[in-house]
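These are my notebook entries on one protein chain. I looked up a few side chains and a few annotated stretches.

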Amino acid sequence: MAIAALELMGFFFGLFGMLGTLVATLLPYWETSAHVGPNIVTAVVSMKGLWMECVYQSTGAFQCETYNTLLGLSTDLQTARAMMVISSIFSVMACAVSTIGMQCTVCMDGSSVKTKVAGAGGSLFLLAGLLALIPVSWKTHEVVQTFYMQNMPAGLKFEIGDCLYVGLASSLLSMLGGGVLSASCCDDLDGSRGTRRHYPYPDRTVPRGQPLSMPYHPVALHSTTNPNFTNKNQTLNSHTSTSTHSNTAAQDPRKSARQNTAAGYDVTGYV
């Protein structure tokens, strides 16, 4: 039961990490404009992400513009895009593989490969979290370094956006969930049978569709063990043979009488 609980906990950690990675990849809140120095007007807020730039005005207008070029973008932005997309794909694959390999599911039940599948799902979660952690940390370092540059104008300074916090937490959750899944599947082998111990489901070694039958061994009665039982059997057999002879003797006169009657009937009929 403890191993099944660990697997569920690791799976949900990885699931939350996958959702956070998707949110951080799609939303444009990677860096927001900083209102410092002479730039204290908060009527307009600029935001930048991996795919678009947005402007929010105090009147409620929200405008976004996607990047019109792909090859013209900076190398770090292209790398961050690729790594976040690959991390999202690995997270989705890890959820699917972990669902098959966990104890609480019946997929591949009774097979020794089920443990390896759960470990593969945990490894995919670890790899997805690592891929998401690299661009998030890289972008955070770039924003902080640019903010404290002395020759940078105040209007061009940006602060850390919400997506960077979400991406950092998501990557850590994915790595934690992958580690828990990988650790739980290592101690879930039954050495005598080479299969996983199923909890709370019973053992399903018998193929489905075949009834579970037990051999029946009839009890042998030996006459040497109980002499009284042997005497009773002999007495019962003698009574049975006597009654059989008496019934046969009683039936013979009746049969002969019936034959004589039938013969007389035939003769009388002819006469």
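**Entry 1: Aromatic rings**

I began with Phe-11, which is buried, with a relative accessible area of 12% (buried means under 20% relative accessible area, exposed over 50%, partly exposed in between, with a 1.4 Å probe and protein chains only). Before going on I noted that this is a predicted model, in which local features need pLDDT of at least 70 and side-chain atom pairs count only at pLDDT 80 or more, while totals for chains, interfaces and linings use all residues. I also noted that residues are numbered from 1 along each chain as its sequence is written, and that side-chain values use heavy atoms, with hydrogens and water left out.

Is Phe-12 buried or exposed, or partly exposed? I found Phe-12 partly exposed, at a relative accessible area of 40%.

I then looked for ring pairs. A pair of aromatic rings is described by the distance of the centres and the angle of the planes. Rings of Phe, Tyr and Trp (its six-membered ring) pair if their centres lie within 6.5 Å; planes under 30 degrees apart count as stacked, over 60 as edge-to-face and the rest as tilted. My count by this rule was three aromatic pairs. One of them joins Phe-11 and Phe-12, with ring centres 5.8 Å apart and planes at 70°, so it is edge-to-face. Phe-147 and Tyr-148 have ring centres 5.3 Å apart and planes at 85°, so this pair is edge-to-face. Tyr-148 counts as exposed, at 60% relative accessibility.

I also found Lys-157 over the face of Phe-147, 5.5 Å from the ring centre (the rule asks for NZ of Lys or CZ of Arg within 6 Å of the ring centre and within 35 degrees of the ring normal).

**Entry 2: Cysteines**

How many disulfides are there? I counted one disulfide (a pair of cysteine sulfur atoms within 2.5 Å). Cys-54 and Cys-64 form it, with their sulfur atoms 2.1 Å apart. Cys-54 lies in strand S3 (residues 52-57) and Cys-64 in strand S4 (residues 62-66), so the pair ties together parts ten residues apart in sequence. Helices (H or I, at least four residues) and strands (E, at least two) are DSSP runs, numbered from the N terminus. Cys-54 is buried at 2% relative accessibility, whereas Cys-64 is partly exposed at 40%.

**Entry 3: Annotated stretches**

The unreviewed UniProt entry gives "transmembrane region" for residues 12-30, 82-105 and 117-138; positions are in the numbering used here, feature names are shortened, and annotations may be inferred rather than shown by experiment. I found residues 117-138 to be 100% helix and 0% strand, with end C-alpha atoms 32 Å apart.
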